[in-house]
Amino acid sequence: MLYAILCYHDEETVWSWDKEREASVMKGLGEVQARLAAAGKMGPSARLFPTTSAVTLRKHVEPPLVIDGPFAETKEQLLGLYVLDVADLDEALGAARELAAANPGGAYEIRPLALYNPDPRPAA
Amino acid sequence: MTDAAWIEAALTAARPQAVAALVRYFRDLDLAEEAFQEACLKALQAWPRNGPPRDVRAWLILVGRNAALDGLRRSARHTALPEEAALSDLEDAESALAARLDESHFRDDVLRLLFVCCHPCLPATQQIAMALRIVCGVPMPRIARAFLVSEAAMEQRLTRAKARIAAAEVPFEAPDAEERSERLFAVAAVAYLLFNEGYSAADGAARAELCAEAIRLGRILIRLFPEDPEITGLCALMLLQHARAGARFDAAGDVVLLESQDRAVWDRQMIAEGLALVDKAMRRRRPGPYQIQAAIAALHARAARAEETDWGEIAVLYAALERLQPSPVVTLNRAVAVAKCEGAAAALDLIEPLAERLEGYFHFHGVRGALLLDLGREAEARRAFQKAIGLANSPAEAAHIRARLDALIAKEPKDGEDHHVPVVQ
């Protein structure tokens with residue numbers, strides 16, 4: 001079963017981390033990811049730049065409207081995501097707890113994938 | 001689990017909005033700062049024990065306000081400060097406050113605070129110091145170190161700035177739309193001054209910190225004005241320049257010219273964000289000086305090697321910048337780009353008319369010497385280099401020109417080394 005872990009947090013907090021803090025969180029997350037990968041459970045993952053770099057395409061009108069900024073102004077923003085290949089929700093939650101221990105603060109939304117298209121680009 | 005580093009980052013991030021809201025409440029910078037500090041102290045005590053609150057900003061504002069009111073011995077007329085044990089969960093009070101403090105409210109608060117700190121009654125150095133201290137919350141000793149003054153002198157500078165703001169009776173009201181856009185550019189200019197202060201700081205740690213603070217301020221401004229491409233351009237410019245920080249100085253602490261920098265050391269993540277912001281700003285088709293400078297920085301960032309730099313496009317961009325913001329230094333920069341794509345003669349024609357205005361400017365004589373040398377006018381080149389050495393701002397600059405001069409005297413074939421002149425605003 002494929003699950004997505006969607007990472008929400010206040011981006012101003014996360015992007016205020018100094019270099020040491022950044023490096024130590026990334027190291028901790030890297031260790032959890034390596035464990036998950038070794039168990040064959042780790043799919044692709046991504047980190048997003050702050051919403052200040054976002055544009056939104058509102059497609060409820062024709063032609064669609066491009067708006068500077070994120071889709072919604074919220075206290076916590078989508079900062080990144082993991083895709084995990086796990087047996088069930090319990091296992092997905094377990095992985096999320098491990099990641100959370102390495103990077104406290106904010107929230108993880110755990111949602112099953114309805115459709116999954118692996119990267120279609122030829123391998124580099 | 002709530003560790004100290006996380007709490008510190010959360011307090012730093014919440015600071016602009018929290019202090020801004022407290023300023024609105026108390027209409028007093030000092031009182032608002034003290035209230036925020038009180039709230040931070042309480043957070044450091046309560047959060048590790050009870051976990052962080054759901055809304056960090058609302059918690060800090062509420063606790064800070066109550067603490068300050070307590071301090072003013074007026075607490076009887078207001079909500080009493082909750083018991084320590086209850087501090088973990090201010091659910092009711094917190095959500096009620098959060099509901100009142102919607103984003104647009106925060107927006108006005110932060111903007112007002114920035115306007116107060118960057119008020120035209122203050123000289124630029126005081127504006128920067130105020131923005132650093134009040135908005136970014138950088139501790140006094142670190143500000144003093146960045147400005148190469150004693151803590152006492154910096155303290156005095158800030159006290160004077162606050163006195164001036166009080167004397168000028170700067171309104172703590174939300175500025176109207178017209179005043180907003182007028183003064184937005186003063187605030188943007190302060191952010192960029194702050195960045196340049198960091199960019200040129202001698203102390204590496206202070207340098208990185210000031211640049212990072214300026215970028216954080218830039219991101220706050222983008223959130224306040226997402227539709228203003230110049231603000232986005234400013235942020236892009238700062239990111240693209242700061243991306244080179246690790247390559248700009250050698251082991252001895254001397255400046256390494258752009259062309260000689262090890263591009264593998266450039267921060268690819270900052271460059272990626274900067275390039276995305278340039279694209280985003282350009283979509284608006286309302287060019288301005290920050291966007292153009294960001295576009296120039298983007299062309300440098302996109303070149304994998306110095307030889308792959310698109311000098312033709314850079315020359316075009318400098319010409320555009322010259323039209324918007326005429327300055328002999330911008331023309332000098334254009335000439336450097338023109339020399340790369342059209343040759344030294346065309347570039348020399350561009351800069352000769354600047355001789356009088358840039359007589360005392362190191363880079364003018366350095367560039368002119370290099371162009372003359374390219375054209376085989378060695379005696380004139382030597383005189384230009386000698387003038388440049390006399391005007392050098394650092395031993396590295398002097399050494400760089402000295403090397404060219406020595407090569408010239410030794411009549412060795414030139415190594416085709418490039419000159420880059422940073423835009424000096």
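Modeller: One term to begin: helices (H or I, at least four residues) and strands (E, at least two) are DSSP runs, numbered from the N terminus. This is a predicted model, where local features need pLDDT of at least 70, side-chain atom pairs count only at pLDDT 80 or more, and totals for chains, interfaces and linings use all residues. Residues are numbered from 1 along each chain as its sequence is written, with chains lettered from A and ligands numbered from 1 in the order in which they are written.

Colleague: Where does B:Arg285 lie?
Modeller: B:Arg285 sits in the loop between helix 12 and helix 13 (289–302) of chain B. Its phi is near 55 degrees, a positive value in a residue other than glycine.

Colleague: Is B:Arg285 buried or exposed?
Modeller: Exposed, with 7 other C-beta atoms within 10 Å. The cut-offs: buried is 20 or more other C-beta atoms within 10 Å of a residue's own, exposed is 12 or fewer, partly exposed is in between, and C-beta atoms are placed from the backbone.

Colleague: And what about phi at B:Arg27?
Modeller: Positive, about 55 degrees, although B:Arg27 is not a glycine. B:Arg27 is in the loop between helix 1 (4–26) and helix 2 (29–50) of chain B. B:Arg27 is exposed, with 12 other C-beta atoms within 10 Å.

Colleague: Which residues make the contact?
Modeller: Among them are B:Leu239 and B:Leu240 of helix 11 and B:Leu277 and B:Val278 of helix 12. Contact means C-beta atoms, placed from the backbone, within 7 Å.

Colleague: New topic. How many helices and strands does chain A have?
Modeller: Three helices and six strands. From the N terminus on, they run β-α-α-β-β-β-β-α-β. Buried residues make up 23% of the 124 residues in chain A.

Colleague: Which residues does the cis peptide bond in chain A join?
Modeller: A:Glu62 and A:Pro63, with omega about -5 degrees. A:Pro63 is in the loop between strand 3 (55–58) and strand 4 (65–68) of chain A.

Methods
Two residues are in contact if their C-beta atoms, placed from the backbone, lie within 7 Å.
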